Amino acid sequence: AQQPPDSCQTLCDCLEAAKTVKCVDRNLTAVPPDLPSYVRNLFITGNSLARLPAGAFPAQRLPDLSALNLSGNHLRAVEAGALAALPALRQLDLSGNPLVSLSPLAFGEGVSPLEELALRGALRDHGVLLSLAAMLQSGALRNLSRLELANNGLLLLPAGMFSALPALRQLDLSNNSLVGLRNVSFQGLGQLQSLDLSDNSLGVLRNGTLAQFRSLPALRRISLGHNAWVCDCAIEDLVAWLKESDQVEGKEALTCAYPDKMLGKALLKINSSDLNCSMPVDLPSQLQTSYVFLGIVLALIGAIFLLVLYLNRKGIKKWMHNIRDACRDHMEGYHYRYEINADPRLTNLSSNSDV
């Protein structure tokens, strides 16, 4: 039912003509219960909503709510079903909240119509990151076209995190601390157009990741600025890809951060002669080659030893006979002395003869 015009004004600014309600910096501890049913754009920001419980938005009350901004509210928990009763929800902003609990069922058990989700600075807790990954992998947000995960200090991303987002067009991972993308799969993101990886701690992108970038037909904007590129032999694949690809924005500005002798050098201007690549980069294959070589050497030594034994078999046989004869003579001497010591008569005889 339509709310009286003045009931909304007590806690929020309600603009019926614009279908907009703003509850900004009102020290709210819960979602206002009397929001007008006409609202399409709802801003509840800068308040003190510690938790968003199930039923925070009453069923059937907000049938047209399309954009919901809950940023900067000190939210710590988004519980199961908290956002389930919003059939028209397309945009959600939870940025700037110190989340410690995010239920994978926050949108209910079905598939949410949500298209844009912003979580800038809201994933500092690792458990929340894992919960988000579970939510995304469940397919509940398979309609997402934009996902913002910037400013979260992320080091690594859960494997397969983006595997159930076939409609995703924009992915923002900027201003984190990502050190690598080895366990990150972009397969299945056939609609992805923009990928922002700027302001991270990436030292290199491996061939597997570069192959994924090449395989995404719509991906035309990749941002890689302000990363800690390590310009050693492992950077060769990345440099080759940069030179041939038109996917990277501002690639001319990408420069080396390490080692010191390469500091500030543009990646596009690196040649093989700049890198000391005389030694193989792939240590496991290098060790494998060393083991094979060692095995061949040992086998060769064994074959030579057997050949020497075969060629000197007569001499070795004579040497063995000589040792056997010497040992037998030695043992006979011991046996003779033992017989003398064992016979008292011979012992006395021996003693008398000594006297």
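This briefing covers the salt bridges and the strand pairing of the structure above.

The structure is a predicted model, in which local features need pLDDT of at least 70 and side-chain atom pairs count only at pLDDT 80 or more, while totals for chains, interfaces and linings use all residues. Residues are numbered from 1 along each chain as its sequence is written, and side-chain values use heavy atoms, with hydrogens and water left out. Across the whole structure, a search finds seven salt bridges, a salt bridge being a side-chain nitrogen of Lys or Arg within 4 Å of a carboxyl oxygen of Asp or Glu. Helices (H or I, at least four residues) and strands (E, at least two) are DSSP runs, numbered from the N terminus.

**Salt bridge between arginine 26 and aspartate 13**

- Arginine 26 and aspartate 13 form a salt bridge through their side chains, with an N to O distance of 3.1 Å.
- Because arginine 26 lies in the loop between strand 2 (20-24) and strand 3 (41-45) and aspartate 13 in strand 1 (residues 13-15), the pair ties together parts that are 13 residues apart in sequence.
- Arginine 26, at a relative accessible area of 32%, and aspartate 13, at 39%, are each partly exposed, a class that lies between buried (under 20% relative accessible area) and exposed (over 50%), as computed with a 1.4 Å probe on protein chains only.

**Salt bridge between glutamate 115 and arginine 90**

- In the salt bridge of glutamate 115 with arginine 90, the closest N and O atoms are 3.7 Å apart.
- Glutamate 115 is in the loop between strand 8 (101-102) and strand 9 (116-118) and arginine 90 in the loop between strand 6 (77-78) and strand 7 (91-93), so the pair ties together parts 25 residues apart in sequence.
- Glutamate 115 is partly exposed at 35% relative accessibility, and arginine 90 is partly exposed at 30%.

- The side chains of aspartate 93 and arginine 120 meet in a salt bridge at 3.4 Å, N to O.
- This pair links distant parts of the chain, with aspartate 93 in strand 7 and arginine 120 in the loop between strand 9 and helix 1 (126-137), 27 residues apart.
- Aspartate 93 is buried at 14% relative accessibility, whereas arginine 120 is partly exposed at 28%.
- Salt bridges with shared partners join Asp93, Arg120, Arg146 and Glu148 into one network.

**Strand pairing**

- Strand 1 and strand 2 run antiparallel and are joined by three bridges, where pairing requires that DSSP finds at least two bridges between two strands.
- Aspartate 13 stands opposite lysine 22 in strand 2.
- Strand 2 pairs with strand 3 in the parallel sense over five bridges, and threonine 20 has asparagine 41 in strand 3 as its bridge partner.
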